[in-house]
Amino acid sequence: MDTASPRLRMSVIGVVVVGCFAALFARLWYLQVMEAPQLEVQATANRTRTVAVEAPRGRILDRNGKVIVDNETSLVVTVDRNALRKLPKDQRDALVSKLAATFTDFGTPTKIETIERRLADQQYDDLQPVPVVNGISQDLMVYLSEHAEEFPTVGVERESVRKYNYGAYGANIVGYVGRITKETLEAVKDSPGVDPDGVAKEYQPDSTIGLAGVEAAYEKDLRGTPGTEVVEIDAKNRPVRTVSYQAPRPGSDVQLNIDIDLQVKAEDSLRQQLDATRGGSQKDNYGIRVKNAPAGAAVVLDPNSGAVLALATYPTYDPQDFVNGISDERYQQLLNTNGVSALIDRAITGVYAPGSTFKLVTASAALNNGLITGGTTYNDTGVFTVGGQDFRSTGKNGYIALPRALTVSSDVYFYWLGSRMDGTTDIQDTAARFGFDSTTGIDLPNESPGYVLTPADKKALHDKNPDAWPYSDWFTGDSVQLAIGQNAVAVTPIQLAGAYGALANGGTVYQPHVVARVLKPSSRTGIPLGSPDTADVLRVVDPVVRSQVDMPPGTRDPIVEGLSQVTHGGTAALAFTGFDQRAFPVVGKTGTAQVQGKADTSVFASYAPADQPQYAVAAVLEESGFGADAAAPVVRHVYEFLAGQAETGFKAVETGKQD
Amino acid sequence: MLPRTISRHDSNRSRRDPTAPLRHLDPTLLVCTLALAAIGVVAVYSATRGPGPNYVDSYLFRQFAFVVVGAGVMAVFAVVDYHKLHDWAWVFYGATTLLLFLVITPLGSQSKGAQAWFALGPFQLQPAEFAKLSLIGALAFLLSEFKGDIDLRRLVALLAIAAVPMALIMLQPDLGLVLILLTITLALLVVGGVPGKYLAVLAVVGVIGVVGVLNSPVLAKYQRDRLTAFIDPQNTSKEATYNVEQSQLAVASGKVTGHGLFQGPQTRLNYVPEQQTDFIFTAVAEQFGFLGGATVLLLYALVCYRLWRIAQIARDPFGSYVCIGVLAMFAFSVFENVGMAMGIMPVTGIPLLLLSSGGSSTITAFAAIGLVLNVHMRRFR
């Protein structure tokens, strides 16, 4: 003890210990009092996960309150990826191949790769079990639960999926749903719909979204409000308990203008007529061509509001195929159904030369600008010569005025009108007012605008693509062809029905609407559109006027006079033989549009009944011959249904007469 | 009737004798010790019962049993005159050294990367914990014999006595316990009268030897990590970071008043690894907040103060040295363990005496407190 006393040495120890405790107290104060708020946020995020619970979508009802698209519970086999990763590799592989074999045995053919792909899919929330196979049978669920020890990490969950009460009918209208893609998720992330209470319907990486038809167009209404479940998780990422749960709420129901029974009739008529037509032949000046009748469309509108009552297209698809995720194989089949795609709604997307149905536009233009009156006659000699070029038609009608020219579909009379309006854009302007050359604004996605070329359009097309459009100049011949709905014009069936609807109602072109109104979630079914009971109605889709065609009596009367006769003594007389037109007079026009090297496009556009128009109906059938051969019979069958008249059969018709 | 009279006389005398040991029991030290052990039982249960339902209570019962046994051991170590223990110091030292040797033979068993345990049925005996006490005994014995007169030869002898158990424990390996023994040795060398120049040299050698190598910027981080991982395989660097992060979040989560018993989310959901042993303080701090954490620290501070005070008032140097040794053991255990849980000390797995789950450490802590009570009780005779 040379340098310091024992007491001093103990004091040194004491000071060190005091220093240590002071440091601990200071640190404790710092962490729990000063830093706590910041660290608390970090700790909470660390411990809880918010899981979105998908809500059932709203239903889709027809105009009479019949449920077209409903929901049902589907059984989904899930695998807990976190737990699976902890299994040794050989056990994991064995489990996956055993699952594939079991699914296949129980009637859900499944490849090992399909399961592996789902398990590797980073789009799924890592915390939640990954769905590997959807829509399994009750038997399989029972089997899996009875053999649970053989299937570690495997579970069965229930999810709400679409149920289509009318099968494939109306598929092009209602559309289908599917899992949201990464790109779509990015796009819609910042603009989700809101439910009636103003709650945003946010999307998650595995959300379902409308991909076609009304499902897509009314996504913001149909999508339900996801619930949220805040789950507390432990250090091993296992859910421990639910901290809070907000139940999902179903989306709003949507009621269509579509009459599903009429829709069924229209689709059946279209399909049956195409079937009957297919394989026949068309003989005319241009030779003999086979009627392949691969596709077509039919539209029924309410001319007084633009309400779409039926919208048929062929070929079509079964939306049920999309319910549990469509296979690539099936999707490829749909893209190539007898050489054409079944996923295109030809009623709004298909563009066709309107043929003689376009004479409505030419006649209106000529009457409105005073070029002719209803009584102006012209000598139809069967040929019209302009600029040294002969334009021919089948048969000659002698001196005829406009009504007769429409009834018998005299091309020469309209060649003459077209040549006299050459140098103006009267026909194009009138066409635009009838609703051609632009999208109608129908509440369905992927609508085509069609086109009605002006001289300026033709030059622009030539400048852009000289191979397809070899001439930049507008010839009188172009005006002559345009007058009978050839070459320079292409329209969609919905535009055509809208134009004849305008003729029916005195000149108003409405924006067509498939959806009539949006109803409350879980609304009462069976309430038709006209009902005074509107308690469930959230929003009504009001008629929108697109454009107005000038239709003074001097214009409308001669046209209606001519078109009224088409189904009696005119071009469609044969197609309407036996149809009681005293009870239900039909005003219409046949059209036959030439397509290079193929049988003609058969077109018919109409409205009925003549005195108090309620329906505008148009049909277009590809490679099916004259308008009277195929399109007119489809329309007739629709009217049989609408007028409550006896149904007649379908047969191949070969009128042998153009137009 | 003489024997009766003597007997009565004896009993009367013992009741009145102002130097009777039981009259000088240190109530503060006893109460603080038992309070900490009780808090420990609750904290261990809260840290191990799991998120539920089906709470785990095996740790609760084990720790409770250890505390009961520990209290008994404390009584024994307090009642038997420490001067007798003084005579037995070398027997304890020898026995412990033998056990430390045996534990690294196949007789011992391995767990969490260290060969440190004897498996005794459902219990595991960790001889290194007892080595703390026997080293205190041996060094206190020697220092009291040297009576403050320490030359280089005696210093080497002291260091050798300390080095044997340290080397054996290093072979397990258990860095935390080695550090405790080092601290105990250092403290005893300071109070035992080792000349300042030697202490200075020892300090310089120690600082250069340990801190210098581990924290040298010459070594890349991964190399340092490898070094510490080699020394202490229980804590690889990534895990260590996670542990410390989670434990600090747990402490912070308690704020001023805490979440309440069984309500601390970090604790309940097992976010803090090894919480019932190395990170037991976080269970207290999260559930009872700053008030609870500070109370526990205060209890430890009181314990340390009493240990220090009893060292000063002890009757003889041996008693004094024992107290300082126990003080060093407690103070280091608290500072390193709590400091690590709050991120101001490096991660080394050592138990928080009296609070952490574990039989050997709990019983050793009680025994140590018993010794100090003993010294206090017999300071007049």
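Predicted model: local features only at pLDDT ≥ 70, side-chain atom pairs only at ≥ 80, totals over all residues.
Let's start with the big picture, the place where chain A and chain B come together. On one side, 34 residues of chain A take part, and they are in contact with 54 residues of chain B. Between them, the two chains bury about 3700 Å², and 69% of that area sits on carbon and sulfur atoms. Three residues stand out on the chain A side: A:Met10, A:Leu24 and A:Gln32 supply 18% of the area that chain A buries against chain B, more than any other three residues. What about salt bridges? Across this interface, the rule finds zero of them.

Now zoom in on one pair of helices from the two chains. H1(A) passes H13(B) in a left-handed crossing. Who touches whom? From H1(A), the residues include A:Met10, A:Val17, A:Phe21 and A:Leu24, and they meet a set in H13(B) that includes B:Ile324, B:Leu327, B:Phe335 and B:Val338. Sorted by class, this contact has 13 nonpolar, two polar and no charged residues.

Next, stay inside chain B. Helix H2 (residues 27-48) and helix H14 (residues 359-377) have axes that come within 11 Å and cross at roughly 170 degrees. Angles over 145 degrees count as roughly antiparallel, and H2(B) and H14(B) are therefore roughly antiparallel to each other. H2(B) brings B:Leu29, B:Leu30, B:Thr33, B:Leu34 and B:Ala37 to the contact, while H14(B) brings B:Phe366, B:Ile369, B:Val372 and B:Leu373. Those residues divide into eight nonpolar, one polar and no charged.

Finally, hop over to chain A. Helix H11 (residues 260-277) packs with helix H22 (residues 631-643) at an angle of about 150 degrees, with their axes 9 Å apart. H11(A) and H22(A) are therefore roughly antiparallel to each other, and their crossing is right-handed. Among the residues making this contact are A:Asp261, A:Lys265 and A:Leu270 of H11(A), along with A:Val634, A:His637 and A:Phe641 of H22(A). How many charged residues are there in this contact? There are two, alongside eight nonpolar and three polar ones.

Methods: Residues numbered from 1 in each chain as written. Chains lettered and ligands numbered in written order. Heavy atoms only, no water. Left-handed = near helix turned anticlockwise from the far one by under 90°. Helix = DSSP H or I, 4+ residues; strand = E, 2+ residues; numbered from the N terminus. Contact = heavy atoms within 4.5 Å. Nonpolar A, V, L, I, M, F, W, Y, C, P; charged D, E, K, R; others polar. Buried area = accessible area lost by both parts, 1.4 Å probe. Salt bridge = Lys/Arg side-chain N within 4 Å of Asp/Glu carboxyl O. Axes fitted to C-alpha atoms, helices over the stretch in contact; angles between N-to-C directions. Parallel < 35°, antiparallel > 145°, perpendicular 65-115°, else oblique.
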